[in-house]
There are 4 protein chains.
Amino acid sequence: MNFASDNAWGAHPAVLAALASCNEGAMMGYGADPVTARAESAIRELFQAPDAAVRFVATGTAANALVCAQLCPPYGRLYCHEDAHIQTSECGAPEFFTGGAKLVALAGEGGRLHPDALAEAIRRGAGGGLNGGRNGMVSITNATEWGTLYSPRQVAALAELAHGAGLALHMDGARFANAAAGLGCAPAELTWRAGVDVLCFGGTKNGAMAAEAVIFFDPARAEDFDYRRKQSGHVFSKQRFLAAQMLALVEDGLWLELGALANAKAARLAEGILAAQGALLQPVQSNAVFAAIPTDAHARLRAAGAIYHLWPDKSAEGLDPVPLRLVTAWNTPEDAVARFCELLAG
Amino acid sequence: MNFASDNAWGAHPAVLAALASCNEGAMMGYGADPVTARAESAIRELFQAPDAAVRFVATGTAANALVCAQLCPPYGRLYCHEDAHIQTSECGAPEFFTGGAKLVALAGEGGRLHPDALAEAIRRGAGGGLNGGRNGMVSITNATEWGTLYSPRQVAALAELAHGAGLALHMDGARFANAAAGLGCAPAELTWRAGVDVLCFGGTKNGAMAAEAVIFFDPARAEDFDYRRKQSGHVFSKQRFLAAQMLALVEDGLWLELGALANAKAARLAEGILAAQGALLQPVQSNAVFAAIPTDAHARLRAAGAIYHLWPDKSAEGLDPVPLRLVTAWNTPEDAVARFCELLAG
Amino acid sequence: MNFASDNAWGAHPAVLAALASCNEGAMMGYGADPVTARAESAIRELFQAPDAAVRFVATGTAANALVCAQLCPPYGRLYCHEDAHIQTSECGAPEFFTGGAKLVALAGEGGRLHPDALAEAIRRGAGGGLNGGRNGMVSITNATEWGTLYSPRQVAALAELAHGAGLALHMDGARFANAAAGLGCAPAELTWRAGVDVLCFGGTKNGAMAAEAVIFFDPARAEDFDYRRKQSGHVFSKQRFLAAQMLALVEDGLWLELGALANAKAARLAEGILAAQGALLQPVQSNAVFAAIPTDAHARLRAAGAIYHLWPDKSAEGLDPVPLRLVTAWNTPEDAVARFCELLAG
Amino acid sequence: MNFASDNAWGAHPAVLAALASCNEGAMMGYGADPVTARAESAIRELFQAPDAAVRFVATGTAANALVCAQLCPPYGRLYCHEDAHIQTSECGAPEFFTGGAKLVALAGEGGRLHPDALAEAIRRGAGGGLNGGRNGMVSITNATEWGTLYSPRQVAALAELAHGAGLALHMDGARFANAAAGLGCAPAELTWRAGVDVLCFGGTKNGAMAAEAVIFFDPARAEDFDYRRKQSGHVFSKQRFLAAQMLALVEDGLWLELGALANAKAARLAEGILAAQGALLQPVQSNAVFAAIPTDAHARLRAAGAIYHLWPDKSAEGLDPVPLRLVTAWNTPEDAVARFCELLAG
């Protein structure tokens, strides 16, 4: 019963198979290999974006922070939600990679930036002279850190504001598969058609070992990006092994299937929580469940070895009800979900 | 009637005289001159800190950001008030100089960090693993950006929390003279005796052309600081001219006299505002006045050429009453103050 | 006939098997997994360094640059060979990760730093005041970028100089296995017993997909290193897959066996070159061969599809004889080596 | 007899007078003052560059490093002479401000970059893929660190190479006045007409207290430069005092007069050295003299209190003849020059 994170689980067998299948023989390094070419091509096709520039890195923090450096100057203001991964969970990576950008963290219900808050922040940035830094970029996460989703229309509203101020819109898609599965809309619809300029398309939480794709829908925005990857140690010499992971996920729609599987398990947890008089702290729209459960249920679950994070942190221990976060993966065992619900029901 | 800022005014004649008095002849550069030695010595004496290491730079942003780099690692969490100058008005200088530190900006009444908020933030930082970065340092401003003051006791409460977590306490004293004059307490009492580890002792707003002293009460904390100054272009070859400015202010207590003069003018403005049915948005404890005045009074003042900032920015234009900030300097003309009050009274 | 680089080849089957063998089930992320613990332990044992701190990253550039940031301040002088990988081939990664360090690149025969050159550079650094930066650290590569080796005695001479000036000694061991195999000495003898403080122990070129271990022989030097890894995007959530690769190499001595295999192939190439009247530009001591071959032999080889780099770059095309670099891997096919030699002989 | 540096001397009386003359009253801060406007205008006129963007900072290191950050990306290769101030004497400031650029230091007679060396370096940079970083910018110093001069034609040859590769050309003009006086050519001829894109026009060594102007001949290159100044603490709130210094130098041709005065004194020293059988190590073309003098002359001079640097550093003590550097300023006393020559002659 491990609900700590979707990255607590291993890789999908197809990903491992893909590694083995491209292991033979010599290939040119650093991305000049046929596996990379195929993976790039498959992603462009998936996103109906024949001109997009696609790059691979191994971690989500690398993907996000490199994009921040690409889109935001050192003296820029980077607008994001106050609970954004780049703000709370990357140890200052955006500040480090950009060389000093100021993250301007905005409140917003359900982990989503609200257009009014963004508009006001951009207005202040524009009027602040040198002091506050220059308006730099906008970043959103979909699925959000609270498991909720931005619809294409909601993305478009933010994109319009960003573009109106000359700013690029980045989407942290560490759980993009869960978002796409949850919304039931095409990747293109949720990204470039809605105004997203750069997507970090997460593989790791979706079933890869360690692989993410950075997609620049306008390839001009990718200029010199490879130098940044190299300078930060994120160019793999044997890059075929990064690309192969993404290829395995993207080919034949595996990514979306896995995203839907994870979401379904979260939905089942949510049902169990409601049935047991627990409360959902956020609508459950993807593969994360934020809930508050009775103290005795919590005690039963812990006693039975259930693993999950109290939320926002351990200081929640002792509260009644107990706030917590549950995250499911495509391979979270069905019986772990069932057992969790049983224990919860008491 | 210029109340835009205390840095809108020139230098005290004693400061200019000091420049002229040390201009003759050759001296070794980069701080190895007798003027620097005398200024350092005078500051150590003023602060009753015979072991302190004293360094000179030309701007407050340089002083603060260099100290941040000295006290906080690139992956550190830097705790400050959400309205701190380092957070709102230095264009990301702390992020740039530290190489990526995360400013954790906390709310707090009157521009002051509250011990409970700091304690909670430090607790979260300590429990956040790698994600949120390591607890790094604490920075406060005295006088605050809202013109209010920390008493020695209030400083000590924050210092105790910082030190308890192994963090150094920095005081941005861009308006330290106004704080000391307002509180009527000795420099030592307000700094190292209360637990301040490093003070940026502002000269520019106090009557210098462009000079600040960085005071490390524990000289071990100044190790390698000169390399940072050099690498950021803040070592003056003819450093005598920086040191001379601070010397002129510190000798014979001029700094405190000028701080008191500025404060007195702010106090008079505050009286005038209250007399004219305006409201003070913050207690007036140093040389800044935050007030809301009737729209018609604002119109009369603007028509008469009064210069001041609406607060927090121009978007306040049209509000009734009009929120604004007035800042006084030692040499704000008495009649400008009087005229302001008259116009306000209508 | 691909002799472009040892990273042109895939992973050893044991490495792929190791990934599969740890794929099942949930494990805590970010290094708190049993595979990481076992890999760390195996490396400590291999190096007879029970107290060493071991960390895993995916690329050699990341390993080296992170160590530079750990050992050298932003204003430090980093002494290395002028052909060191960190100087020529990491796109400024050391400068970026350290936040501004100055690489002081020294000449030296065969890719090796000479003690006299290092001593002189350290002396200058010590006497240069603020201008040149502070003496920071020393970095050497073993096997070197020219395929030559430092003996333990040679390492010790440099370590003595570094330590005498208070500087740490880093060894870039991207091809450490080839060095150890070539010298026939124990890992401990070539590293901490000779004074190496931190080793980047390369897995990728040795037979991993993408894995390197950073070994801090004094664990105190590893303090906060994980924050740096995290801030630069080099902490893997599913770290088991990094650790498993290194574990597969280290267990049962596979690493050394593979290093010896690669070396043997380089030796055979060298014999073939000498037999064909080519010249060796450097002694062949590990798995790289720098040679000059007749123009017609070069033409024959290219026509037959042989892949290798002219040296130092393409501008060597047209020279007679043609200078080039050949690098072998454990799995460079025997017949490729044989065919190369035949074609060379004409 | 102080010949240590031209920055060992104070400011010209006209500079001090300029400070006093603009001290009265309130002015808007951060550059929005009339003194700044006048100084910018005077510099544009002097350089016959009506569209140039002019910015003021207090130190040469700040000027140079900020320009490097403006012209060279973090992953860029910055070509300069191996004895360039930015390479040897700024403590890694260019690396810090750019966020990681790689300084590629080239040999060249008399402190001057040679076009062939630059062409070769640019060619290598262009062909080096990601490893070596991207071609970034070119920087030269005039007068050079060896007191020699680039003629407009020599500058143009380098500019052509730089521009041909899409790189901007920066001139460090810490001693630009000495260069212009030595060459007898107009400022425009030596800069933008010869292809210089950005000039750091030094005031400090020319007679200011601490002031430099950065001149972007194409104002588009100055975009966002003020954010960089601000973020690095180099925007003065009372900027009138920076601008006034440069204005005093530029108005009425004082800068050129002072440059010529300093050069004349160096010329007299050179004559004295030759007369006394000393050797000039470089042609004396500006205000620096590199010479080797007999040991006994050196002893006499030291005994008489003469101050100068042995070259390249103290380790030259004991050599015979003794290599040294002498730098003159506009106000180096005539009798100090005469006395030096007398003592030298014995």
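## Conventions

Axes are lines fitted to C-alpha atoms, for helices over the stretch in contact, and angles run from 0 to 180 degrees between N-to-C directions. Helices (H or I, at least four residues) and strands (E, at least two) are DSSP runs, numbered from the N terminus.

This is a predicted model, in which local features need pLDDT of at least 70 and side-chain atom pairs count only at pLDDT 80 or more, while totals for chains, interfaces and linings use all residues. Residues are numbered from 1 along each chain as its sequence is written, chains are lettered from A and ligands numbered from 1 in the order in which they are written, and side-chain values use heavy atoms, with hydrogens and water left out.

## Chain A overall

Chain A contains 14 helices and 11 strands. Its C-alpha atoms fill a box of roughly 60 × 55 × 30 Å along the principal axes.

Of the 346 residues in chain A, 64% are buried (under 20% relative accessible area, 1.4 Å probe, protein chains only). Among contacts (heavy atoms within 4.5 Å) with a separation of 6 or more, 76% join residues 24 or more positions apart.

## Packing of α1 and α11

In chain A, helix α1 (residues 13–21) packs on helix α11 (residues 240–250) at an angle of about 140 degrees, the axes being 8 Å apart.

From α1(A), A:A14, A:V15, A:A18 and A:L19 meet A:F241, A:A244, A:Q245, A:A248 and A:L249 of α11(A). The residues of this contact comprise 8 nonpolar, 1 polar and no charged (Ala, Val, Leu, Ile, Met, Phe, Trp, Tyr, Cys and Pro count as nonpolar, Asp, Glu, Lys and Arg as charged, and the others, Gly among them, as polar).

Key:
Buried < 20%, exposed > 50% of the residue type's maximum accessible area, 1.4 Å probe, protein only.
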